[in-house]
Structure formats: structure tokens, C-alpha cells
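This report describes the surroundings of a ligand and the packing of several helices. The sequence and structure are shown first.

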Amino acid sequence: MTRVNLPETEIPSAWYNVLPRLTSPMDPPLHPGTREPVGPDDLAPLFPMSLIEQEMSPQPWIDIPGEVVDILRLWRPTPLVRATRLEAALGLPDRVRIWFKDESVSPAGSHKPNTAVPQAYYNAKDGIRRLTTETGAGQWGTALSFACAQYDIECMVYMVRTSFEKKPYRKTMMEVWGGQVLPSPVADPNHPGSLGTAISDAVADAVAREDSHYALGSVLNHVLLHQTVIGLEARDQLKIAGEKLPDVVIAPCGGGSNLGGLALPFYEDTEVRLLAVEPSSCPTLTQGRFEYDFGDTAGMTPLLPMYTLGHDFIPPTIHAGGLRYHGDAPIVSKLVKDGRMEAVAYPQTACFEAALLFSRTEGKVPAPEASHGIRAAIDEALAAKESGEEKVILFNYCGHGHLDLAAYDDYLHGRMVD
Ligand SMILES: *Cc1c(COP(=O)(O)O)cnc(C)c1O
């Protein structure tokens, strides 16, 4: 079997919450002013209470509202595909098998709508009429614009200025779905911007208006929770394909949401290796320090316990914009710190080499972020080919690169630097 499609009825009915299953508890987020643990009231200006509860929930499973499933049904369940043509190109024996979960089939072309939809839903239910957010490469702003359109609420997107200037078609995608887009930092037209400045702009906007809340596309516990539909479906699909558990689960890591979404449902299967892949130009997990740091540049967000390069770190402008964040999800950080998850970093040319091989064998053109997972999957496969072991590899094809052709042009014509 090379492709496993689940029927619509098999969309998971509950999200997998890793929090109560952790072998030791998470450190709490701290208030930026007092440095005391934040309580639900501190977060209420930004998020609806239902999401604040999910952020700290002790429930092992959290029901997905039917109104959310109705929208997820537009593209879920997503296919699980065996990369047989890539395997052949790598000369792999049948004991080494590569599977990928295809999240590129969503409206925005990435995993991001999996959380954008429930976030917009819970806000709309609470009477919120407008959401503010940040976007780097444009993926999250696009996904949230789509989700807000489903519930008839406004979406205000602050887009990292360099990206705003280089990728006007991303702005158009957001506008097609009804979003409004401004370059960040709004106050300084000469500043290139970063995810950190855009978060500061979006938070300041939401706090200033009664009718508005803020939405974050990664990092937070509830975001990773919503993404667990990916791993839950993949578990079922591997079983249908006749595979036992995968030996290694791989995903690129920017803030950690697509990685958490695929990997967390395998957390309790301690024989399954979990592997985060990051760019060597923004090496948070492999070179950062584990400490409390702000989520944004201006120091307005709660302090999170995470691997970080410092909240004022501005990474080089690599093509994988979604992987240019100074920190990581506290859940992912904890798993790495505790030794439950591994991390590896790659320079971008090595990732595009893998992306090109994938394009020419499997026919799919990966997002620059997704190329990182493909690189690691190929290297895991080649290591197993060499060592003689049996290995089932599962990676997240977290997004397509149909709007990233300028990056491929750089790579193909020798202009890409690491
Ligand atoms: C946003 C994005 C990422 C990085 O975010 P995570 O929260 O780490 O998943 C990776 N890949 C794609 C396609 C994205 O859009």
C-alpha cells in the first residue's frame, strides 16, 4: 500500500493532551512584570477562557467541537503516503520504509489551519469580533484569515516587513480570505522586522481594543494540542498499512507546532524516537539555552521556559521563514531537555537538495520548512541502509512550496547561501 486515505468519519473526535501524561510537570509561564506564575486572568485580555483552560488542562483528551470538525472536513483526514519513488531513488531495501503525512492539502497549503479553525471558533463563541496576529512567511496569517472568514470575524495580520515587501502574493492570499495586512514593525518603516516585532504589534493592538483578541500560530500548548489530529490520524493509517509503530518520527521545528502535532501522540511509545529538525542559521534546540524568555521582541508576552537564542535575536533571512523564531514551544523544549526528543540542524542548501530529489521523485514541491524534515528523513534512511537495521520512518510533509518558487530559483541557479 502506498497511500492510505481515511474516510471523513475517521477525523479524530478528541485532541491528545500530553500535559497530564508528562513524566514530570511543566514549569509555568511567568508574568513579564512580576515574574510570578501567570493565572487565567492575566491571559484573559488576549485569549478566550476555553483556550486558556486548554493551555493548562489536566484532561488527557479534549473533545473537538462538532462545528470545528465540520470545517476540518474540508481537507481532513489528510493522506498518509509511502514515498516509494524516493525510496527507489535512494536504493533503499524494503526493510527501510519512508512514510509522510501530507498536510499540504489544506486550504492554506500547510498544517496551520488545524489550529486556526478552533482558535477562531472559540473566539467567535465568546463574542470576539476581531483577531490580531503576526505572520512571518505568511503561512499563519493566511490560515487565520481563512479561519476567521468561516466565523465571520475580522482578521488583522502584522507581517514581518522584509517578508511583506518580498512576498506581495502572500498578502493577496490573506486578502482573498478577508484578512487585513500591515508590515511590522508598524512604528519603524526602516526596521526589517522579525516574528518578535510582529508579535509585539499584534499583542499591543489586541490589548488596546475591547472587541479584539490575539491568536498565536505556534509555540503555545493549546496550539500543539490542536495539531495532534496529525499524529492521531497517522497512527491509524500506519496500522491500516500493516506497519507497527514507526521507529522514528521527524518534523521541522520553527515554534514546534507541526512537530508536536505529529510526534506527541507517540510520546508514550518510548521506543519511538522523536526528531526535531531546525535550520543551522536559527539553531534554538541544538545551540540555544534552556531558560525563561519572552515570546516577542518588546518583552510584552509572558516569560516561557524554553530553548532560546534570546528574544532580540534576529536570524539570517533564510527561505524557511517559518523556522526563524528565536525560541521553541515549552512542550518541545521540555521533551528535548528531558532526552525524550532529539534535535538536529541543517544548512538550507542541504535541505533544498533533499527537496529537489523529493520533487523529482514524489512529484510534490515542498515548502522550504518542509524540506528540513525531508533532509533528515533521507539521512535516517541512508543510515539504516548502511547499518542493516529495519527502520520505519514517518515525517511531516507540513506544507507545499507552490508560492516559494523564488527560493527554488535561487537554489537551481547557484545563488543560495547557507
Ligand atoms: C509555520 C510553518 C512551520 C513552522 O512552524 P511550526 O510551529 O514549527 O510547525 C513549518 N512548516 C510550515 C509549512 C509552516 O507553515
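## Ligand surroundings

A polar contact is a pair of N or O atoms within 3.5 Å; within protein, one must be able to donate a hydrogen and the other to accept it, and residues adjacent in sequence count only if both atoms are side-chain atoms. The model is predicted: local features need pLDDT of at least 70, side-chain atom pairs count only at pLDDT 80 or more, and totals for chains, interfaces and linings use all residues. Residues are numbered from 1 along each chain as its sequence is written, and side-chain values use heavy atoms, without hydrogens and water.

For Gly255, a backbone N or O atom is 3.0 Å from a ligand oxygen atom.

Helices are DSSP runs of H or I with at least four residues, numbered from the N terminus. Axes are lines fitted to C-alpha atoms, for helices over the stretch in contact, and angles run from 0 to 180 degrees between N-to-C directions.

The axes of α15 (residues 348–362) and α16 (residues 368–387) come within 8 Å and cross at roughly 85 degrees. The two helices, α15 and α16, are therefore roughly perpendicular (65 to 115 degrees).

## Packing of α15 with α17

Helix α17 (residues 405–412) packs against α15 at about 105 degrees, with the axes 11 Å apart; α15 and α17 are therefore roughly perpendicular to each other. Heavy atoms within 4.5 Å define contact. On the α15 side, the contact includes Thr349, Phe352 and Arg360, and α17 contributes Ala407, Tyr408, Tyr411 and Leu412.

Terms used:
Angles under 35 degrees count as roughly parallel, over 145 as roughly antiparallel, 65 to 115 as roughly perpendicular and the rest as oblique.
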